[in-house]
Amino acid sequence: MMRRLFGVGLGLISSFVEGQPAVDTLGIYPQAQLQTVEGVCPQCQTLPQTLWYFRHETFAVPKPGVPVSKIDTSKRGAEDIQALNPEALPELVWTGSSQYWPQMKLNAAATEVTTVQGQRFNLKLVPKIASNYAYWNSDTSEFLSQSKVAIRGELEGTTLVARTFWPHTFKLDLTAGLQPLQRGETLQSLVQFSNGGARSPYQSRLLWERSPGVGQRSAGKTALGVLLNGAQGDDDEAHGGHFALATGVVGAEGEYGTWLVNNYYNLATNSEKGIIAGVTPFDKYMGDLNSGQAFYRPSYMLVAVFSQPEIPTQIQALSNRVMQHFHHNDLVYDHALENCAGISIDTLRQLGWQVPQRGVESVLKASAAYWYVATTERSLQKGREIYDYLNTEMTRLFPAVAFDAIGNDLLNIAQTGEQHTLASDTMQAMPRQLEALYFVRIPQIPSSRAFGLAPVYSFAQYLQQAPADRSQWKVIPVTPNPLPEKLKKGLALQPQAPALVPLSVIFFLVSAISIVWVLLLALRKGWRKAFINSINR
């Protein structure tokens, strides 16, 4: 059956489906440059590796003739920075649905939705993924029926099968006055407010503006969103939270639901909630009924609004490439060395924004922990894992620390005009182009899932927040999802694997043995002297 490209009669192939572009932009890109695709798409300008991961999904790709991000396969990840094309679109945007309604009203029973024109549709929710532990319940219906919502889904006759919900009230408050940080307040205290604010009201707060009233004129401006998701309440492996960078154009009323989020997740496993790493709309990233972050933890965002689009555009351009390398598998997710925070921070630093580092937990602790874990667990691999957690620079390891470092640097740049962390021509324009900074706290959307908490800022805090007895941890199992070997090319065939036994660990062991040896010699000498003295008495 032939279908159409966004209503344009171009009888192509069955993988193209009819879509409904209800907004002018998707992220920073014109919506008209994209087309909706379902499943297989051999004619798309998209890497075969990327298409494999999304082979069962609905997504958007650039139309023929539109420039698409391209990678240098001799580079890895953020190293591929040369000759960025700011006009090149991401090769794929995971929308999850072909249709979008920006403002719908949900009835209290969640059985019906009404458009702003008064047209009514029966409502059906996409099924819960079997491995997903929680889902929509009556609390969700009550919460989302209190305001208009944006919905992504598919219209089947008179029934709307909904996949994504996003409250219309979750937007920047462009009418609010300036409310800077007060004495004793920090970005960390805003994040940790009320155990992370999962049950708190939504908040949009203008922290800084270039001149009075500029923040209220943010509509239509290009923005960067620094996004932090909190700790999950039902997964003790997820107290560190999650991190992502988002870009887009501020809506007429402060909306940001159609911004693009660059979401790095482990591709080597099947997420129990159906998450696939990729460039995805904000409302889908947060409000997908199975995979949406807002359904299982609180979230926080710093929004930097710019007078010119160059800085967010450059960040998105390199992020498009990095995501392609990620799908290509020459950049592989690692919970300590290459996680969501580390990959995002590397992207900013490669572009010349040298976000201040926070150091490591402790090389000494890391080396000692290596041998303790390797011995007790009888695994050098597990020893290496704990070593990496304790010896990775903290802005690359902890999402909350990355959020704090970026946010504080943004505030410092805005308030003082300093450029010492801005090492490229593009980034050095930041003090002139920054117009407003907002802090946003997004509560958890109620469901049958446990409420989450604020993310941790250190390994010690992680151990305090999780049960002391590891056997009591709540852990959600996942299944493997390896990219087929036939799709692995170039550097993907040369994975970067750190040595199982780092040099510092060897030095620590030699030093420890030497110290023990010296102590034993000293004790032996002392015993011998005491023995001789006892004989001579």
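Trainee: Arg163 and Glu57, buried or exposed?

Mentor: Both Arg163 and Glu57 are buried, where buried means under 20% relative accessible area, exposed over 50%, and partly exposed in between (1.4 Å probe, protein chains only). This is a predicted model, in which local features need pLDDT of at least 70 and side-chain atom pairs count only at pLDDT 80 or more, while totals for chains, interfaces and linings use all residues. Residues are numbered from 1 along each chain as its sequence is written, and side-chain values use heavy atoms, with hydrogens and water left out.

Trainee: How far apart are the closest N and O atoms of Arg163 and Glu57?

Mentor: They are 3.1 Å apart, and the two residues form a salt bridge, that is, a side-chain nitrogen of Lys or Arg within 4 Å of a carboxyl oxygen of Asp or Glu. Arg163 lies in strand 9 and Glu57 in the loop between helix 1 and strand 4, so the pair ties together parts 106 residues apart in sequence. Helices (H or I, at least four residues) and strands (E, at least two) are DSSP runs, numbered from the N terminus.

Trainee: And how many salt bridges in the whole structure?

Mentor: The search finds 18. Another one of them joins Arg349 and Glu393, at 3.5 Å from N to O. Arg349 is in helix 6 and Glu393 in the loop between helix 8 and helix 9, so this pair ties together parts 44 residues apart in sequence. Arg349 and Glu393 are buried as well.

Trainee: What about Asp404, which residue does its side chain meet in a salt bridge?

Mentor: Arg358, at 3.0 Å from N to O. Asp404 is in helix 10 and Arg358 in the loop between helix 6 and helix 7, 46 residues apart. Asp404 is buried at 8% relative accessible area, whereas Arg358 counts as partly exposed at 37%.

Trainee: Switching topic: how many disulfides?

Mentor: The count is one, taking a disulfide as a pair of cysteine sulfur atoms within 2.5 Å. Cys41 and Cys44 form it, with their sulfur atoms 1.7 Å apart. The link is right-handed, with 75 degrees about the S-S bond.
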